[in-house]
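Thanks, everyone. Let me put the next model on the screen and walk through it.

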Amino acid sequence: MIKAILFDLDGTILDRKSSLIKFIDYQYEKFIGYLNHIDKNTFKSKFIELDQNGYVWKDIVYAQLIDIFNITGLNVNDLIDDYIHNFCEQCLPYPNLINTLDILNSNNYKLGIITNGKYPFQYHNIKSLKIEQYMDVILVSEKEKIKKPNSLIFEKAAKKLDIDLCECLFVGDSFKNDYEASKSAGMQSIYRLNNENEMHYGTNNIKNLYELTDIVKMANKLL
């Protein structure tokens with residue numbers, strides 16, 4: 001029986017690609033006096049390429065951008081400080097996030113987030129989506145000093161919720177760090193397809209967050 005539904009953040013409930021594009025537009029305009037020798041779309045494409053879906057931290061990304069485009073008058077610290085403090089202002093949720101959380105919450109499911117990343121950066125991104133009030137547990141890897149796919153971070157979440165691992169459903173877009181790792185830890189798992197990751201046949205998967213309400217319909221006849 002499922003008692004809790006836990007989510008990854010980036011690429012699962014936060015539309016990171018759209019958020020990053022929005023942020024790059026904002027940052028390019030903010031620093032236009034230093035970047036106006038670079039075509040905006042060229043800058044944006046190179047940023048996204050170097051970012052590698054968030055797996056490369058921005059100190060490396062910005063150092064490469066400065067070198068590639070011969071940016072002067074700005075240093076890595078200027079750009080990364082802006083990223084750390086203002087990316088959250090550009091965060092966009094995937095469609096149906098709030099509606100889905102409302103339904104799950106109203107049916108007494110415990111909810112939570114387990115995300116790899118820096119703290120408090122990731123927490124600020126969660127807060128910007130206006131969903132922290134739904135969450136019974138939020139674990140950010142840097143703060144917990146445990147990183148997915150380490151099973152200990154899943155075990156810690158279940159312990160905080162005071163339920164068994166098998167009573168947790170984990171939803172994430174990384175096949176290794178989310179789907180396989182949560183399953184190996186003893187949770188039930190759903191692979192979140194977001195048009196950026198690869199299909200893995202044989203997985204339980206969803207394409208839209210609202211599909212999670214089907215779980216509610218099967219488990220709770222009130223819907």
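Which residues in the largest nonpolar core touch the most other members? I5, F7, F43, L111 and I131 do, out of 49 residues in that core. Two words on the source. This is a predicted model, in which local features need pLDDT of at least 70 and side-chain atom pairs count only at pLDDT 80 or more, while totals for chains, interfaces and linings use all residues. Residues are numbered from 1 along each chain as its sequence is written, and side-chain values use heavy atoms, with hydrogens and water left out.

Back to the core. The term means a set of buried Ala, Val, Leu, Ile, Met, Phe, Trp, Tyr and Cys residues joined through side-chain atoms within 4.5 Å. Buried is under 20% relative accessible area, exposed is over 50%, and partly exposed is in between, with a 1.4 Å probe and protein chains only. In soluble globular proteins, nonpolar side chains tend to be buried together.

Take I5. Leaving aside neighbours within four places in sequence, I5 is in contact (heavy atoms within 4.5 Å) with L104, Y109, K110, L111, G112, L169 and V171. There is also a second, separate core of 17 residues, and I146, I153, L161 and F170 are among them.

Now the sheet. It is open, with six strands in the order β3-β2-β1-β4-β5-β6, paired in parallel. Helices (H or I, at least four residues) and strands (E, at least two) are DSSP runs, numbered from the N terminus. Two strands pair if DSSP finds at least two bridges between them. Which strands stand at the edges? They are β3 (137-140) and β6 (205-206); each has a single partner strand, so one side of each is left without a neighbour in the sheet. β2, residues 110-115, joins β3 through four bridges, in the parallel sense. In that pairing, T115 stands opposite V140.

Helix α7 (residues 121-128) packs on the sheet and touches β2 and β3. Its direction makes about 140° with that of β3. Helix α10 (residues 175-185) lies across β4 (168-172) and β5 (188-192), at about 160° to β5. Axes here are lines fitted to C-alpha atoms, for helices over the stretch in contact, and angles run from 0 to 180 degrees between N-to-C directions.

On to the rings. The whole structure has 17 aromatic pairs. Rings of Phe, Tyr and Trp (its six-membered ring) pair if their centres lie within 6.5 Å; planes under 30 degrees apart are stacked, over 60 edge-to-face, and the rest tilted. W57 and Y83 are edge-to-face, because their centres are 5.7 Å apart and their planes are at 75°. W57 is in the loop between α3 (40-51) and α4 (58-68), and Y83 is in helix α5 (residues 76-86), so the pair ties together parts 26 residues apart in sequence.

Is W57 partly exposed or buried? Partly exposed, at 24% relative accessibility. Y83 is buried, at 2%. W57 also pairs edge-to-face with F121, 5.8 Å centre to centre and 80° between the planes. F121 sits in helix α7, 64 residues from W57. F121 is buried, at 9%. One aromatic cluster takes in F23, Y26, W57, Y83, F87 and F121.

Last, charges over rings: NZ of Lys or CZ of Arg within 6 Å of the ring centre and within 35 degrees of the ring normal. K118 does this over W57, 5.1 Å from the ring centre. R192 does it over Y94, at 4.4 Å.
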